[in-house]
Amino acid sequence: MKIKKGANKSLMIGLTVLIVLILAVGAYFLFKELKQSKSEKEMDIFQQGFNYGYTSAVIQIINISDGCQPFPVYLGNESRTLVSMDCLQKMI
């Protein structure tokens with residue numbers, strides 16, 4: 001049986017379209033995965049920075065409070081003067 005040239009050309013076009021569609025779907029999912037991976041990496045970096053800042057602030061408060069002197073703590077427009085409870089108990 002002979003295959004007509006028109007049928008062969010039509011088969012090649014169909015196969016080419018199918019390959020292009022498969023590549024497009026693959027590229028879409030690859031792009032989506034890379035974007036999600038980048039987001040997760042940025043969130044990890046943010047979390048590490050937050051933990052470092054929080055830990056540093058607590059260490060500073062602990063170190064300052066060892067002096068048994070009142071010390072100010074500021075957050076925006078508000079401030080509080082803190083004293084270590086350990087120092088107050090020693091005074092009593």
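Q: Is Tyr 54 buried or exposed?
A: Tyr 54 counts as exposed, at 54% relative accessibility. For the cut-offs, buried is under 20% relative accessible area, exposed is over 50%, and partly exposed is in between, with a 1.4 Å probe and protein chains only. Keep in mind that this is a predicted model, where local features need pLDDT of at least 70, side-chain atom pairs count only at pLDDT 80 or more, and totals for chains, interfaces and linings use all residues. Residues are numbered from 1 along each chain as its sequence is written, and side-chain values use heavy atoms, with hydrogens and water left out.

Q: How many aromatic pairs turn up in the whole structure?
A: A search finds 2 aromatic pairs. Tyr 28 and Phe 29 make an edge-to-face one, 5.3 Å centre to centre with 70° between the planes. Phe 50 and Tyr 54 are stacked, because their ring centres are 6.4 Å apart and their planes sit at 15°. The rule is that rings of Phe, Tyr and Trp (its six-membered ring) pair if their centres lie within 6.5 Å; planes under 30 degrees apart are stacked, over 60 edge-to-face, and the rest tilted.

Q: Where do Phe 50 and Tyr 54 lie?
A: Both are in helix H1 (residues 5–65), 4 residues apart, or about one turn of the helix. Helices here are DSSP runs of H or I with at least four residues, strands are runs of E with at least two, and numbering goes from the N terminus. Phe 50 is partly exposed, with a relative accessible area of 49%.

Q: Switching to the strands: how do E1 and E2 run?
A: Antiparallel, with 5 bridges joining E1 (residues 71–75) to E2 (residues 78–82). Two strands pair if DSSP finds at least two bridges between them. The hairpin has 2 residues between the strands, and Gly 76 takes a positive phi near 65°.

Q: And which residue in E2 is the bridge partner of Leu 75?
A: That's Glu 78. Glu 78 also forms a salt bridge with Arg 80, the closest N and O atoms being 3.3 Å apart. A salt bridge means a side-chain nitrogen of Lys or Arg within 4 Å of a carboxyl oxygen of Asp or Glu.

Q: How exposed are its two partners, Glu 78 and Arg 80?
A: Glu 78 is partly exposed at 48%, while Arg 80 counts as exposed at 52%.
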